[in-house]
Amino acid sequence: MKKTLLLSSLVLLTTIATAQLTIDHLQCENLVNPLGLDLQHPRLSWQLKSDKRNGRQTAYEIIAGEAPALNNIAVTWRSGKVASSQSIRIPYNGTALQAGKRYYWKVRVWDQEGKASAWSQPAWWETGLLQPANWKAKWITPGYVEDSIRRPSPLFRKQFAVKKKIKSARLYITSQGLYRAFINDKMVGDSYLTPGWTSYKHRLQYQTYDVTSQLSQGNNAIGVMLGSGWFRGYLAWANNHDYYGKKLALLAQVVITYADGQTETLSTDESWRSATGAIRYSEIYNGEINDARLDKTGWLTAGYDDKDWSSVATPAISKDNIITTYNEPVKKHETFKPIKIFRTPQGDLVADFGQNLVGLVTVKVSGKAGDSIVIQHAEILDKQGNFYTENLRAARQENIYVLKGNGEESFEPVFTFQGFRYIRVKGFPGELKPEHLTATALYSDMPLTGSFSTSHPLINQLQHNIEWGQKGNFLDVPTDCPQRDERLGWTGDAQVFARTASFNRQVYNFFAKWMADLAADQLKDGRVPAVIPDVLRGDAAGSAGWSDAATIIPWQLYLAYGDTAILRQQYASMKAWVDFMQQASKDYLWNTTWHFGDWLFYRPNDDNDGRSAITDKHLIAQCFFANSLQMLINTAKVLDNTADEKTYAAVLEKVKQAFLKEYLTPNGRLVSSSQTAYVLALHFDMLPDNLRAQAASRLVENIKDYGYHLTTGFLGTPYLCHVLTRFGYNDIAYRLLLQESYPSWLYPVKMGATTIWERWDGQKPDGSFQTPTMNSFNHYAYGAIGDWMYRVAAGIDTDTAGPGYKHIRIKPYPGKGLTDVKASLQTGYGVVSSHWTTQNNRLTLEVEIPANTSADIYIPASSATAIIEGFMPLDEIKELTVIRQEGGYVVVQAGSGKYRFATSLPLSYPAP
Ligand code: BGC
């Protein structure tokens, strides 16, 4: 025994000593140990760590099976040793998977010297119900007559006995409306606003929860409450409700597996009971009314007597649209205590949480039965310091709590969320203190992937604001804003921000879900609705820059994550949108239909001196038409669809010719001489090579005319700095980034913003506001500068040679005003980082490249001999190969590892 132990320790020691690669971060479909996947070939990924530079995988082996030990029992797949460098998204390819089962897997790899790593720790995934036929449950609706005005939240309950020892138990659940489920008085899971928002008629998600530890032998109770939510609540501004239906309904089943292997299913059916309770009213925009006196005390516990409750109805509602959930659910995140509680000049009692956030406030209170507290939410105080709610339009954002009156009570809303930094509190019994209030941010649980910081505090605050714009507006769907009577999945806003979002957080699953809804709601003629899920009934569909979400987002996701699945999933939708534009064009000129244009661009009043900020909407449309064609062509190429690639390339040629004929003068001036016109024409390669430089200089002239200010709106802004850097005006890009006066990115920061504003001047320098009907203080669109900050200022990028950072390009562009820029990104392969500093005319660049990837690193230097890496001249570093010198950079090829380059600043660089 001792001998074997000694021997195995020796073996272990030698493997550790020689092992170069270690494995961690095992994921299945981008999720860690996911429950409820309805896939026959879920895809497995891992990350490698290497103790040496240039760590690469040359082969892998995967074993999957039903037993955690993954020994010879119940193995369902052995990949065998596969010669491949692929370490992300390997499809499971074993025996057919069964519903409701957990499958374990582990992997080992071989490095470039043929050395095997140790086996990874096992990870697992679990299948869901796999097909609609596995729903044994019946849809249930309340058996009582609903108060059709207030529509209080229905409660459903069922008591059941567990007779034997349980091995495991799962709850599969979905609803029309939002649900919150409890077993034996404890909330199931930690997800909020479930089942999320999708194009319900086509795709209604269910969730799977492990409820093993919540059940016990003996009597148990399950209780579920429902809220109107997106299903039938008020949506959009025009008294629009019941969009998906009038009746809330529940579908749930608990599948218990006993220790002896038997299974039993408890399903929603005629035997359940229904009633109403404390939640008397609940709307996403307006908030909730909770009368604790009407709470059905004890209803979530076994033994409660529900004889006064109503029966339930079991209407025939289809289950064919039910799908499982792949995106991360909404969860609770940061919490905030008030930084100040004060009386406004108007005498209101207001608490300031210091951050504009989206979520809810929990109130702790003691008082008499029937005391009622009103909590109202606002983003900002007005000029005089009063609570300002005008920009919320019709959204009341108000929660009302009526106390039960038995000691300390705690309230928080269940089926609503609010966008706020401030709350106004009315009717609080006694003195309101910080300990009575907690604000909690709610957003989709997308893993954090990026970080970005600089030597400039205002830019750091800008990054903070971009991140909070993302948190607040990634609440199951990407929304324009989270506070007024809108909160909709505006397609334009989403396409503008998608790439930036992919730096800050892992957003693949989030967007893959939303893109499937986009395809589901796309109109028959190929137009994409202005909002997804489409609750505007196709109104405003087909606008350039909005509908293009159909092509831009899949392509950006492909670049950011390297996953061709999104391209396959969306291909028909991309094509339908492009075909629509083609059909709507005459001689390849698309100048007929209606557009939003360069939404919210800046234009001063009485601007008579010939400067131009307005961009012809059809000029914009022609640029986006070309860009969507290009995305489609790129996609056809990746998917090996040569026929489409050729067909659409020929169309693109003609679309560009039509653009030149219609919008460009023979001398190279665009008919709209605005920043956005030049930016789009240059970014989307609309102009022939020989006319690009002059167009870029016209753009710069325009920027100078406005005193180094941008004038772009939603469509021009994301590409503005990219175009400037690309055409040799990086200094102007930095000037715009660092511009502090309106219009600029830093103006709101200087005004104290903690999120990105909808408008460049939401609040004017004198404290007054822009027009209240369109003035959100949490709109991520202008945060799209984040993409330039990561990809250009810090220089972290990938390319089509190895999308998803299999091949990395580090090309930082230092610029005047910043002396230190540091960014990192958790990619599918591990962390990529880039950190440059300039000091006393020396530049250092620290780079980290994860194992199993390769990189081209662009070092800003006059020559290779002027660079040292670590303490050695560059040419003595055997892991690095200088491949060329290009435009002020020395380009080296690198494998994984950490590198530190130092050089003198090239003369061409502006002094910091
Ligand atoms: C939204 C925008 C959206 C726009 C369409 C607004 O009401 O808030 O962000 O893109 O309408 O132009």
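**Notebook: a protein chain and its ligand**

I began with burial: 62% of the 912 residues of the protein chain count as buried. A reminder to myself that this is a predicted model.

Next I looked up the secondary structure, and the protein chain comes to 15 helices and 47 strands. Then I checked the radius of gyration, which is 29 Å; the globule rule also gives 29 Å for 912 residues, so the chain is as compact as a globular protein of that length.

I was curious about contacts along the sequence. Among those with a separation of 6 or more, 74% join residues 24 or more positions apart.

On to the ligand. Which residues surround it? I listed D480, R484, E486, W490, D493, W546, F596, W599, F714, E758, M774 and H779. Sorting this shell by type gave me 6 nonpolar, 1 polar and 5 charged residues.

I then went through side-chain N or O atoms facing ligand oxygens. For D493, I found such an atom 2.5 Å from an oxygen atom of the ligand. R484 has one at 2.7 Å from a ligand oxygen, and for H779 the distance to a ligand oxygen is 2.9 Å. Last, I asked how much of the ligand the protein covers. My entry reads 96% of the 310 Å² of accessible area that the ligand has on its own.

Note on methods
Residues are numbered from 1 along each chain as its sequence is written. This is a predicted model: local features need pLDDT of at least 70, side-chain atom pairs count only at pLDDT 80 or more; totals for chains, interfaces and linings use all residues. Side-chain values use heavy atoms; hydrogens and water are left out. A residue is near a molecule or strand if one of its heavy atoms lies within 4 Å of it. A polar contact is a pair of N or O atoms within 3.5 Å; within protein, one must be able to donate a hydrogen and the other to accept it, and residues adjacent in sequence count only if both atoms are side-chain atoms. Accessible areas come from the Shrake-Rupley method with a 1.4 Å probe; for residues, only the protein chains shown count as cover. Ala, Val, Leu, Ile, Met, Phe, Trp, Tyr, Cys and Pro count as nonpolar, Asp, Glu, Lys and Arg as charged, and the others, Gly among them, as polar. Helices (H or I, at least four residues) and strands (E, at least two) are DSSP runs, numbered from the N terminus. The radius of gyration is taken over C-alpha atoms; the globule rule is 2.2 Å times the number of residues to the power 0.38. Buried means under 20% relative accessible area, exposed over 50%, partly exposed in between (1.4 Å probe, protein chains only). Contact means heavy atoms within 4.5 Å.
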